[in-house]
Amino acid sequence: MKTANILSALLGTVLALISLQWIFAPEAAAGSLNMLYLEGEGRNTQIRDFTAFFLGTAIMSFLSFITKKYEWIFSVGIIYLIAAIFNVLASLNHGAPLAISSLVSEIIFFSIAFTASALYKSSDL
């Protein structure tokens with residue numbers, strides 16, 4: 001369980017730091033993803049959705065750490081797995097450039113989350 005705790009806390013911390021960047025320096029956060037910092041309602045949507053994405057998954061990671069429930073961190077893994085899948089599908093189906101650095105991060109995040117989930121689950125037995 002110690003390894004699961006470390007993975008949950010580590011992932012939660014990384015995701016919380018990313019969300020703080022979206023809260024306090026959204027233009028820099030957008031730039032770190034090679035993304036245009038949008039105008040008008042697009043900017044509102046961009047900041048709102050990315051903050052929700054990263055802060056929500058950070059909170060779920062910390063909830064898993066606190067409660068030792070595998071379901072929270074497993075949910076984080078599902079979200080990043082879906083993000084990775086649609087990263088590839090956006091490129092294949094819609095002509096978007098494949099965001100390699102984001103894809104690598106998504107794979108790392110879902111791998112950490114699924115590993116922590118499996119470790120929490122195995123300690124429940």
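The expected span of a helix is taken as 1.5 Å times one less than its number of residues. Helices (H or I, at least four residues) are DSSP runs, numbered from the N terminus. The model is predicted, so local features need pLDDT of at least 70 and side-chain atom pairs count only at pLDDT 80 or more, while totals for chains, interfaces and linings use all residues. Residues are numbered from 1 along each chain as its sequence is written, and side-chain values use heavy atoms, with hydrogens and water left out.

## Helices H3 and H5

H3 has 28 residues, which should span 40 Å at 1.5 Å a residue; the end C-alpha atoms of H3 are 40 Å apart, in agreement. Helix H5 (residues 100–124) has 25 residues and reaches 36 Å from its first C-alpha to its last, close to the expected 36 Å.

Burial is judged by relative accessible area: buried means under 20%, exposed over 50%, and partly exposed in between (1.4 Å probe, protein chains only). In H3 the buried residues are Gln-46, Thr-51, Phe-54, Thr-57, Ala-58, Met-60, Ser-61 and Ser-64. What covers them includes H1, helix H2 (26–32), H4 and H5. In H5 the buried residues are Ser-102, Leu-103, Glu-106, Phe-109, Phe-110, Ile-112, Ala-113, Ala-116, Ser-117 and Tyr-120. These pack against helix H1 (2–24), helix H3 (40–67) and helix H4 (70–94), where contact means heavy atoms within 4.5 Å.

Gly-12 is found in helix H1 and is buried, with a relative accessible area of 0%. Its C-alpha atom is separated by 6.8 Å from that of Ile-59, 47 residues apart along the chain. Leaving aside neighbours within four places in sequence, Gly-12 is in contact with Ala-58, Ser-61 and Phe-62.

## Aromatic pairs

Rings of Phe, Tyr and Trp (its six-membered ring) pair if their centres lie within 6.5 Å; planes under 30 degrees apart count as stacked, over 60 as edge-to-face and the rest as tilted. By this rule there are seven aromatic pairs. The rings of Trp-22 and Phe-50 are stacked, because their centres are 4.7 Å apart and their planes stand at 10°. This pair links distant parts of the chain, with Trp-22 in helix H1 and Phe-50 in helix H3, 28 residues apart. Trp-22 is buried, at a relative accessible area of 1%, whereas Phe-50 counts as partly exposed at 24%.

The rings of Phe-53 and Tyr-80 are edge-to-face, since their centres are 5.0 Å apart and their planes at 65°. Phe-53 lies in helix H3 and Tyr-80 in helix H4, so the pair ties together parts that are 27 residues apart in sequence. Phe-53 is partly exposed, with a relative accessible area of 28%, and Tyr-80 is buried, with 1%.

| Ring pair | Centre distance | Plane angle | Type |
|---|---|---|---|
| Trp-22 and Phe-50 | 4.7 Å | 10° | stacked |
| Phe-53 and Tyr-80 | 5.0 Å | 65° | edge-to-face |

Ring pairs link Trp-22, Phe-50, Phe-53, Phe-54, Tyr-80 and Phe-109 into a cluster.

## Loop residues with positive phi

Asn-34 lies in the loop between H2 and H3. Although not a glycine, Asn-34 has a positive phi of about 55°. Asn-34 is exposed, with a relative accessible area of 71%.

Lys-68 is found in the loop between H3 and H4 and follows H3. Its phi is near 65°, again a positive value in a residue other than glycine. Lys-68 counts as partly exposed, at 27% relative accessibility. The charged end of Lys-68 sits over the ring of Phe-65, 4.6 Å from the ring centre. For this, NZ of Lys or CZ of Arg must be within 6 Å of the ring centre and within 35 degrees of the ring normal.

## The largest pocket

Pockets are found on a 1 Å grid over the protein atoms alone, as open sets of points where a 1.4 Å probe fits, with protein on both sides within 12 Å along at least five of seven lines; lining residues have an atom within 4 Å of a point. Grid points are joined across faces, edges and corners, and a volume is the space filled by probe spheres set on the points.

The largest pocket has a volume of about 720 Å³. It is lined by 26 residues, of which Leu-33, Phe-50, Ala-99, Ser-102 and Glu-106 lie nearest its centre. H1, H2, H3, H4 and H5 each supply at least two residues of the lining, and H4 gives the most, with six residues.
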